[in-house]
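Work through the exercises below with the sequence and the coordinates at hand. Each task is followed by a solution in steps.

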Amino acid sequence: MREANTLILRTAALILVPMQLLFSVFLLLRGHDEPGGGFIAGLVASGAVVLFLFSYGVSATRELLRVDPRDFLGVGLLIGLVSILPSLMLGQPAMTAQWWEIPLPGGGYYKFSTPLIFDVGVYLTVIGSILTMVVGLSESEEPDV
Amino acid sequence: MLLAVLSGFILALFAPLICRVAGDRCGWVFALLPATLFVWFAGLLPEVMANGAQVVRYPWFPAMEINLDFLIDGLSLMFALLISGIGTFILIYAGGYLKGHPYLGRFYVVMLSFMASMLGLVLSDNLVTLFVFWELTSITSYLLIGFEHEDVKARASALQGLFVTVAGGLALMAGLIMLGTVAGSYSLSGVLASDADLIGHEWAVPMLLCILAGAFTKSAQVPFHFWLPNAMAAPTPVSAFLHSATMVKAGVYLLARLNPALGEAELWTLLLSLFGGLTMFTGAFMAITHTGAKKVLAYSTIMALGTLVMLIGIGTHYALVAFATFLVAHSLYKGALFMIAGILDHETGTKDVAEMGGLAPLMPVTAVAAAVAALSLAGLPPLLGFVGKELMFEAVLEAPAWRMLLPVLAFGAGIGVMVAAGIIAIKPFYGKRLETPKHPHEAPVSMLAGPVVLAGLSLLFGVALFIPEQTLVAPVVASLGGTAEKVHLALWHGINMPLILSLGCLVVAGVILRFWSRLQPQLDVLREGLGRFGPEAGYFRIMEWLTRIATWQTRVLQNGTMGNYMITLALTTVGITGFTLITQYGVPLRLPVPDSGFAAGIALLMIVSAFFATGTVSRLGSVAAMSIVGFAVALIFILFSAPDLGITQILVETLTVILLVLVLFRLPGFTRMSSPLERWRDIIVAVLVGSLMTVLILAATEVQFFEPISAEHVARSVPDGHGRNIVNVILVDFRALDTLGEIFVLALAAVGVYSMIRLKAEDQTA
């Protein structure tokens, strides 16, 4: 599809896209306790990329992503599967959640866990699915790409 | 044990790499694995002979009784020895036969995977894992028959083999489940030791038929035999290994394995000896009507498989001894002969023995190996094949069923294989030297090693009968339910009925062989005539009908009009769900009143925008109106304090609008394509669906069969899931397996959409 040639959208996108991506990571990490999680975060992140796509076009988006959207799918599924391994290695039923507390400077600690790894997999798969469709559809608009 | 079975799969992973590093010598490298396994399995023999069967257990899915348990007894060990022993030579041979082939790495990947699956099949003690390995051999066989995938015939043959064996595999699965249920155990050792009445059970007949269907298709019994000769489209090492020495014997193995448990059933004895006998005769007869070296061998393999099945069916002591001896003898000589057929093909450039002659001076080693192996095939002394055949005659003469029929079939089969042996070992090597497409010379060492060793063993075992008797035959007979102490093999039994039958065969075969070349045209006509009415014609008719029905139902159901799809789906749902609802529950009449003005307002907004969406003539307007409905749903989620759902709904709605807009650009202008009548029809369908959903939701809120699970989730979220966001805890912890499935579906959908877009784009550019 042709990019929207408006200065306002383009300028806004430059600020919004990184913010939105950052926000998606925030949603992903806090998801276990507050509204958020891999699925929602993935949707937010894809929304950010789609905003960029609308303002700067497909080829610029591909450059931004550096990898093919389909690679997100594969990596996401792989991470989802890898999150099963720790429980298997400990001889527990597959997908038993494992929790590790990582101390943070200043006395607090961060709850790191296999559900979080799994959530990252969900996050990447969602991004991969939506971007594969959107980028695919946009590219079919301009046969020269 | 686990490592021994799975090592083939592991090595398969590295096969392409090894091929690249080792180059032409990679066959020798790969052969190290089966050679090691052979030595290891042989090392287990004394233990098994002394202490009987052993089971090694590795829990896999213990809760579902699916375990990687391995049963090691005479029968499984002999198969394991055959697989690894012959496998060693096959892998070496393939290195020479497929030298420089661009897909050599791929070939070894599948070949090694097959070998591992086959070992798993014969060693598995669990019915479910046995079935898994069984199917794996079917799939690897498919890949290997279709190895020359640019050849249409190879692809068709591969598919045919797959269809027949997998159809049988499905029946087998049903049979094994019935067996496991009736016997009360899903382990073979459990089934064999079970005191449940397997034969008297009401499921006995369907269970037997299903298991037999699986075994008969796999082991190419009449009338499913036709796929095996076609499978000869595979490279020769594959034919020698899969379609002669190992895979096709999987059915025979299973029958032999279950014989102690089911052998008493009358149906078992009747069917096995009848179909085995018929297969034996058909195979031997068809063998002599062909001139392609591999076809002749393929049909003689069918003959051997039939013989083995028949011997299990007869089930007497002699039959079991004959079974074990014949099995060893056949694997040795048939492996050798197939490799020799490959050498001939490789060196002369033709597969047709009618075009070969006088090759013995050029290829002396091959000629000698061929002669020895063929003598064993023909069943002449002093080779192991002779002992096997004499025992087979002996068993047939005292068979408990079909006493008139079986000796006749056996006599005919005996003649057939002798002629077949002559075709392979005499015709190409002696007589007038014929010009062949390629100038032949002696094959390389890698290709000669197999035939020479296997033919040598046929001779050695025949002369020194105590070796196979004690190491192979006696343990097998013991695990088949016979008495090992009574096993005694001998070349000379005095002048008795079997010997007279053998002499008769030899005389008739000699006459046929003398005139074989002249009989060829008549045999061709006969073969074609039979082909028109044979079971293979039936296979093609079934496939044709399958395609026809598929075409018909695609035309009716998948007619390509979106509107029709929607109506079909909607009406089906309304019909089935509505029927169930009304008959099982009745129509709920209590209409809830919205408890806040806010909810009523949202509902009104949704209704208005839904009507606008159907009425507008602008596509964009319609999309926008639909998205209002979506956002209103999000509002409702938030109203009922489900923030996660609300956020998700908003995000999904946004992205849906974006996707729709992207697609809208590609659509033609908005035109009214439907007639007023059709629109009325659509309205009725829409109203029906809407009413059904309303009623359904009303009913769902009224009925509460069980305590909702959400309370449990809320209670366990923080202590067990370490999270306060219940939705997310459910998604990534409590029901993580579901989510894993869902993201796979999501990815699959994305790939589907992507390929559809790509396909369309290529259509346009093409």
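The model is predicted.

**Exercise 1. Describe the secondary structure of chain A and the extent of its C-alpha trace.**

Step 1. Chain A has six helices and two strands.
Step 2. Read from the N terminus, the order of the elements of chain A is α-α-α-α-α-β-β-α.
Step 3. The C-alpha trace of chain A spans about 55 × 35 × 20 Å along its principal axes.

**Exercise 2. Compare the UniProt annotations of chain A with the model.**

Step 1. An unreviewed UniProt entry lists residues 8-131 of chain A as "domain: Na+/H+ antiporter MnhB subunit-related protein". In the model this span is 70% helix and 8% strand, with its end C-alpha atoms 24 Å apart.
Step 2. Under "transmembrane region", the unreviewed entry in UniProt lists residues 7-27, 39-60, 72-95 and 115-137 of chain A.
Step 3. Take two of these spans. Residues 72-95 of chain A are 67% helix and 0% strand, and their end C-alpha atoms lie 22 Å apart. Residues 115-137 of chain A are 100% helix and 0% strand, and there the end C-alpha atoms are 33 Å apart.

**Exercise 3. Find the backbone exceptions at A:R66, B:P223 and B:P382, and locate each one.**

Step 1. Recall the background: most residues other than glycine have a negative phi, and most peptide bonds are trans.
Step 2. A:R66 is not a glycine, yet its phi is positive at about 70°. A:R66 lies in the loop between α3 (58-65) and α4 of chain A.
Step 3. The peptide bond between B:V222 and B:P223 is cis, with omega about 5°. B:P223 sits in the loop between α8 (204-218) and α9 (227-230) of chain B.
Step 4. B:P381 and B:P382 are also joined by a cis peptide bond, and omega is about 5°. The loop holding B:P382 runs between α15 (364-378) and α16 (384-397) of chain B.

**Exercise 4. Characterise the contact between chain A and chain B.**

Step 1. Chain A contributes 43 residues to the contact and chain B contributes 38 residues.
Step 2. On the side of chain A that touches chain B, at least two residues come from each of α2 (38-56), α4 (69-82), β2 and α6 (114-141) of chain A.
Step 3. The largest share of that side is 18 residues, from α6(A).
Step 4. By class, the side of chain A that touches chain B holds 21 nonpolar, 17 polar and five charged residues.

**Exercise 5. Determine how α13 and α14 of chain B are oriented, and describe their contact.**

Step 1. The axes of α13 (residues 293-314) and α14 (residues 317-348) of chain B come within 10 Å and cross at roughly 170°.
Step 2. Angles over 145 degrees count as roughly antiparallel, so α13(B) is roughly antiparallel to α14(B).
Step 3. The residues that meet include B:L297, B:T301 and B:L308 in α13(B), and B:F323, B:H330 and B:L337 in α14(B).
Step 4. By class, the contact of α13(B) with α14(B) has 16 nonpolar, three polar and three charged residues.

Notes:
Residues are numbered from 1 along each chain as its sequence is written. Chains are lettered from A and ligands numbered from 1 in the order in which they are written. This is a predicted model: local features need pLDDT of at least 70, side-chain atom pairs count only at pLDDT 80 or more; totals for chains, interfaces and linings use all residues. UniProt positions are given in the numbering used here, feature names are shortened, and annotations may be inferred rather than shown by experiment. Helices (H or I, at least four residues) and strands (E, at least two) are DSSP runs, numbered from the N terminus. Two residues are in contact if their C-beta atoms, placed from the backbone, lie within 7 Å. Ala, Val, Leu, Ile, Met, Phe, Trp, Tyr, Cys and Pro count as nonpolar, Asp, Glu, Lys and Arg as charged, and the others, Gly among them, as polar. Axes are lines fitted to C-alpha atoms, for helices over the stretch in contact, and angles run from 0 to 180 degrees between N-to-C directions. Angles under 35 degrees count as roughly parallel, over 145 as roughly antiparallel, 65 to 115 as roughly perpendicular and the rest as oblique.
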